[in-house]
Amino acid sequence: AEHLETFTQIEAIDYHTTHTISSIRITPYPAGHVLGAAMYLIEIAGLNILFTGDYSREEDRHLIPAEVPKGVKIDVLITESTFGIAQHIPRLERETALMKSITSVLNRGGRALLPVFALGRAQELLLILDEYWSKHPEYQKIPIYYASNLARKCMVVYQTYISAMNDNIKRIFRERMAQAESASAGNNQIASAGPWDFRFVRSLKGLDRFDDVGSCVVLASPGMLQNGVARELLERWAPDQRNGVIITGYSVEGTMAKLIMQEPDQIQAIMHRGRGAGGGGRGGPMGKEGPGAEKTMIPRRCSVQEFSFAAHVDGVENKDFIEEIGAPVVILVHGERNNMMRLKSRLISLNAEKKHPVKIFSPANCEELKIPFRTDKVAKVVGKLANLTPSLPMRDLNLQEAGKQEPQLVTGVLVQSDFKLSLMAPEDLREYAGLTTTTITCRQRLTLSAAGVDLIRWALEGTFGALKELTPKREPTNGNAQTNGNGAEKEEEVGEEIDRETQTFEVMGCVKLHIRPGGQVEVEWEGNMMNDGIADAVLAVLFTVESSPAAVRQSSSKHSHNHTDQPEPKKRNLHAKNDPEERFSRLCMFLEAQFGPSITPLTRPKLPSSLINAFSITAKAAREPKPKSDPASLSSSEDDDDNDDEDDDATAQLEAQELHRLTSLGIPVPGVEIRVDKHVARVWLETLEVECENRILRERVRAVVERAVEVVAPLWA
C-alpha cells in the first residue's frame, strides 16, 4: 500500500538532464549498478554534492559503467564502501572460473543452484549462460531456468529499454533483428528477436511445475537464501554431493548465503522436511518455529563456491574514482564497519602527505554529520540599479586616491531564488523577480481650530528644516457639510460650488501635509519603518503646536493695553543684543550636544589666498640671488636663518591683521576644530566652510552648523 501511494510522486527522468525541486538542482548520471540506476549530482546553494549510491565501473554485457561528471567541481562525495579494500578478480577470469564450476557440477550429474537478486545480476548471468550454451552444443540439452516471478516481470522492462544499455546489447539487438527479418521474409511476419529473447533459458513459474529430474542450472531468488524458491531448492539439493551451490553476489553477515560459504556440515531447514536420496523429494513450508521448538537440521554435502559478480566497485576502483573526483570531503556509506574502516584508513594514508588532505568521514547509521563550508555570496544587480555608474575598483587607483575613495552605497531589495541572489529596486520586483508588490498609504486627519498655515509651517520648519511646498490643488465641493474653526458643522446649499484652496507641504521628502480651510489637516505618507517614524514626529509637532509657548509667542500680536496692574521691573531679553562671546559659547554648546566635548577653538586664522600669494611674491623677490661680484653673496648660512625668521615674522603679522579683521566683524575666534574618533573637521566661522577628509563627517558637520546658525542667528554682524 505504501508503494502504491508513492506512484503519483514518481517522475521518470533521463540521464544528464537537470531538474529543480524545492530550489535544489539534481542531475542524474549512469551508475552501472542495475538498469536505470543513477548517481545524483545535487547542487544546494552553490554546493555540489555527488551521491553515488551503489555503483560499478566494470564493463559488463549490458550496463553502461558509472562515469565521472565532466566540468563540475565536486565539494562533497558520498560513496559506497561495500567491498572495502578488497580487489575483484579480472572479469574474464571470473567468467571462465564460473563456467568451469557450473560444468563440473553438470558433468557429475548434479544440479547447479545460483542464488541471485531478481534485478541486475540475474540478467547479466543469463546473458553469460546463454552465450556459453550457444557456443557449446554438448550442454544445450541441459535446461537453464530462472525461477523468480519478479525477474520475469523485470524482463519486460529490459526488453523495452534497449536504448539505455551499452553498445554490446545494441549490437546484439541489431544482429538478431536482421536475422529475424530475413528469416520471416517468406511468411510476412517478424519473429520475436532481441538480446533478451534467450534461446537456452526458460522461465520457471513455480516449483510445483518443476520436473526435478536430471542435471539443470537454476537461477533463483532471493540471493541471500533466507527464504523463497532459492532456500527451498537449497534444502532439497544440499544433502546430495553431486549438486553444487554457486554464490555470485554480495552476502550480508547473518544470512544463509554468508553461512553456507563456510561449508558447515549441517544447515537448518525452514522450508522443507521430506527429501529423497537424489534430492528430488518434495515438501512444504515448515512455518514459524517457536522459541522453544526443536530446530530441524539437514546435512550439507553439496559443493559450495563463490564468484563475485556483484555490481559494486572493489577497493581499487573505488579509490581511483575518489581520486578522479578530487572532492575535498568524502563520506563513506553502505558497507560493513570493518570494510568501511579499512577503506577509510587506506584513503587517509594516501592523503597524509598532501598539502590539503581530503577529509574522510564514515558515519554510523542515523548519525548526523555536520560539515561547515564557507562560500562567497554574490548578488547580481539588475534593473534600474544596474544603470548606476560604479566607483572605480581600488586596484585602479593610486595610494593617494585610494585613501580618498569612498565606498559606493547601493540600496535595494535582495531577492533569493534557487539560492541565487539578485539586488534590485523595489519597483523592479514584478519584472525581475515575479513578485507582487503592495504599497500601504497611511493617512491621519486632525483638526487645528486655532493654528493657521503660517504657524504650522513655522513649527514644522523648526523641527525638520525647510519644507517643500507642492503645487496647490483646487477642490470643488458640492453642498457638503464643512467644519469651521470652532469644530461646528455648517450646512451649505445644495448645488453651490465653492472653490477652496488646499495647501500641501512635503516634510523630509516622504510625508505630505495637506492643510485645508476650517483647520482640517491631513498627514499622508507611504508606510514603512522610516516614514512611520517621521510621520509620528510630524503628528507630535501638530498636536502641540497650539499649546506650546513658542507658538503663542509666534502667533501673538501687538496691543495697546496692559495686562498687569503694577509695572514690573524690566527683564533682559536673553535673545536680544548678545555679544559675540555669548553667541560663540552657544554655538559650542550646540556642537558639543552633537559631537561630544572634543570641540577646540582655533587660534590661528585661515589666511586668504590673495594675502598668501602677495606674500610669496615679496619673499621671492627678497631672496633673489645677488651677483657674484657682491661680497655679500658669500654670506654664511646664518643669513638663511635670518630669512626664515623674517618669513615667520611676516606670517605672524598677516595672521595678526586677519585676527583683527575678524574681531572687528564680531567673530571672536577664526574657527573651531571638531574631533570624532580619528577624524578631524575644521569649521571657519566667517564663511562657515567645513574642512574634513571624511565625506560623511564633513556633510554631517555642515548640516549641524547650518542648523546651529539658524538657532543662534545672527551669529555675527
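This report walks through selected features of a predicted model, from the whole chain down to single residues.

## The chain as a whole

The chain has 717 residues, and 37% of them are buried. DSSP runs give 18 helices and 29 strands. Take the contacts between residues at least 6 apart in sequence: 67% of them join residues at least 24 apart.

## Pocket and cavities

The largest pocket has a volume of about 670 Å³. Its lining holds 20 residues, and those closest to the pocket centre are Ile13, Tyr15, Leu35, Gly36 and Ala37. Two elements give two or more residues to this lining: strand S3 (38-44) and helix H4 (149-160). H4 gives the most, with three residues.

The structure holds three cavities of 30 Å³ or more.

## Helix H12

Helix H12 covers residues 453-464.

Which residues of H12 are buried? They are Leu455, Ile456, Ala459, Leu460 and Phe464. Seen down the helix axis, these buried residues fall within an arc of 140°, so they line one face of H12. Asp454 and Gly462 are exposed, and they sit on the face turned away from the buried side. Just after the helix comes Gly465, with a positive phi of about 85°.

## Backbone details in loops

The bond runs from Ser221 to Pro222, with omega near 10°. Pro222 lies in the loop between strand S9 (216-220) and helix H6 (228-237).

The other two features are positive phi angles. His16 has a positive phi of about 60°, although it is not a glycine. His16 sits in the loop between helix H1 (2-6) and strand S1 (19-21). Ser22 has a positive phi of about 55°, and it is not a glycine either. Its loop runs between S1 and strand S2 (24-30).

Are these two residues buried or exposed? His16 is partly exposed, with a relative accessible area of 46%. Ser22 counts as exposed, because its relative accessibility of 66% is over the 50% cut-off.

## Buried polar and cysteine residues

The table lists where each one lies and its relative accessible area.

| Residue | Location | Relative accessible area |
|---|---|---|
| Asp240 | loop between H6 and strand S10 (244-247) | 7% |
| Glu655 | helix H17 (residues 638-664) | 14% |
| Cys588 | helix H15 (residues 580-595) | 13% |

Why does Asp240 count as buried? Its relative accessible area is 7%, and buried means under 20%, so it qualifies. Glu655 qualifies in the same way at 14%, and so does Cys588 at 13%.

What does the side chain of Asp240 join? A polar contact of 2.9 Å links it to the side chain of Arg242.

Which residues does Glu655 touch, leaving aside its neighbours within four places in sequence? Glu655 is in contact with Arg604, Pro605 and Leu607. Glu655 itself lies in H17.

Technical notes. Residues numbered from 1 in each chain as written. Predicted model: local features only at pLDDT ≥ 70, side-chain atom pairs only at ≥ 80, totals over all residues. Heavy atoms only, no water. Helix = DSSP H or I, 4+ residues; strand = E, 2+ residues; numbered from the N terminus. Expected span 1.5 Å × (residues − 1). Buried < 20%, exposed > 50% of the residue type's maximum accessible area, 1.4 Å probe, protein only. Arc of directions from axis to C-beta. Polar contact = N/O pair within 3.5 Å; in protein donor to acceptor, adjacent residues only side chain to side chain. Contact = heavy atoms within 4.5 Å. 1 Å grid on protein atoms, 1.4 Å probe; cavity = no way out; pocket = protein on both sides within 12 Å on 5 of 7 lines; lining within 4 Å. Points joined across faces, edges and corners; volume = space filled by probe spheres on them.
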